[in-house]
Amino acid sequence: MDLESISEATSGAIGSLLSTTILYPLDTCKTRYQADVRANDQAKYRNLSDVFWEAISTRQVLSLYQGLETKNLQSFISQFVYFYGYSYFKRLYLETSSSKSIGTTANLILAAAAGACTAIATQPLDTASSRMQTTAFGKSKGLWKTLTEGAWSDAFDGLGISLLLTANPAIQYTVFDQLKQRVLKGKQDKPTKGSSPEALSAFSAFVLGAVSKTVATVLTYPAIRCKVMIQAAGPDDDDKIKEARPKIRKTIPGTLNSIWKREGIPGFFKGLHAQILKTVLSSALLLMIKEKISATTWVLILAIRRYLFLTRGRVKDA
């Protein structure tokens, strides 16, 4: 059993679970704002805060957490599958290629492969979560009822875009690597005292990570919004806007055409600021929590393995 991969996967999954819970109200506001596609004079939400104030005015503040259980389940499974797959693919690559390190291109391919496996495994949960978040406040249904309302193929709405968005980490890693090389080159040109110019400081790494994630989000944002709209709850789920909200075809061309006709080019980037804020905060919290608990997780896994081994030995002796 690959305990190292399991430890990495468990730490990443727990970190994702906590960061998702902390930022979930922001995620709900962002998703509802992104899913609202109408002409500017008919838009239900003119800015992100309108979603929050709607929840307060209707006394449905707790509805900002509707679908949290599904989102946490999806987040936990997706991060576990991703970190386990990524760690497993890296180990497999090193063993089969007899290389001591992984190059940039190979690393991007391995990350994309792990991301594709994750998207396929968790797409139904991702779709259900988006539907729950975009359903009228207080009217969200359970996971099973949400998934079984239509055909089973509807549970995989947006899968094509999800696979396309596996390019997001690849873009982020490429930008980060280029920025890192520029920063380190600048440090090498300057005399340093007591610090190695070959390594980034924690603050520099955080800033470069945030910048690279922002660039990746901006470049892929039209696909991100298109995915949200495809997965969003239909007008039948919200009686208050049933007639005002146009029916959107759950296809990529139909969704893009709807955005273009009703909102123009700016519509492809509606909610971008909220997406960047949520993504950067989520990534920072995830990595911070993962690093803090990774050592503890490894110790616990070894302790459990030793306990099971000793228990099995006692049973055999008996």
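Here are some questions and answers on how this predicted model is put together. Local features need pLDDT of at least 70 and side-chain atom pairs count only at pLDDT 80 or more, while totals for chains, interfaces and linings use all residues. Residues are numbered from 1 along each chain as its sequence is written, and side-chain values use heavy atoms, with hydrogens and water left out.

Q: How many helices and how many strands does the protein have?
A: Helices (H or I, at least four residues) and strands (E, at least two) are DSSP runs, numbered from the N terminus. Read along the sequence, the pattern is α-α-α-α-α-α-α-α-α-α-α. The count is 11 helices and zero strands.

Q: What share of the residues is buried?
A: Buried means under 20% relative accessible area, exposed means over 50%, and partly exposed is in between (1.4 Å probe, protein chains only). Of the 318 residues in the protein, the buried ones make up 45%.

Q: Where is the kink in α5?
A: Helix α5 covers residues 104-134, and a straight helix of 31 residues would span 45 Å at 1.5 Å a residue; that expected span is 1.5 Å times one less than the number of residues. Between its end C-alpha atoms, α5 spans only 39 Å. A bend is the angle between axes fitted to the seven residues ending at a residue and the seven starting there. The kink, about 60 degrees and shortly before the proline Pro124, lies at Thr122.

Q: Which residues does Ser129 touch, not counting those up to four places away in sequence?
A: Ser129 is found in helix α5, and at 0% relative accessibility it counts as buried. Contact here means heavy atoms within 4.5 Å. On that basis, Ser129 touches Tyr24, Gly67, Thr70 and Lys71.

Q: Why is the pair of Tyr24 and Tyr65 called stacked?
A: Rings of Phe, Tyr and Trp (its six-membered ring) pair if their centres lie within 6.5 Å; planes under 30 degrees apart count as stacked, over 60 as edge-to-face and the rest as tilted. Tyr24 lies in helix α2 (residues 24-35) and Tyr65 in the loop between α3 (48-57) and α4 (68-97), so the pair ties together parts 41 residues apart in sequence. Tyr24 is buried at 0% relative accessible area, whereas Tyr65 is partly exposed at 36%. The pair is stacked because the ring centres are 6.4 Å apart and the planes are at 25 degrees.

Q: How far apart in sequence are the parts that Tyr221 and Phe269 tie together?
A: The ring centres are 6.5 Å apart with planes at 20 degrees, so Tyr221 and Phe269 are stacked too. Tyr221 is buried, while Phe269 is partly exposed, with a relative accessible area of 35%. Tyr221 sits in helix α9 and Phe269 in the loop between α10 (252-267) and α11, so the parts tied together are apart by 48 residues.

Q: How many disulfides does the structure hold?
A: A disulfide is a pair of cysteine sulfur atoms within 2.5 Å. Cys29 is buried at 7% relative accessible area, and Cys226 is buried at 1%. The number of disulfides in the structure is zero.
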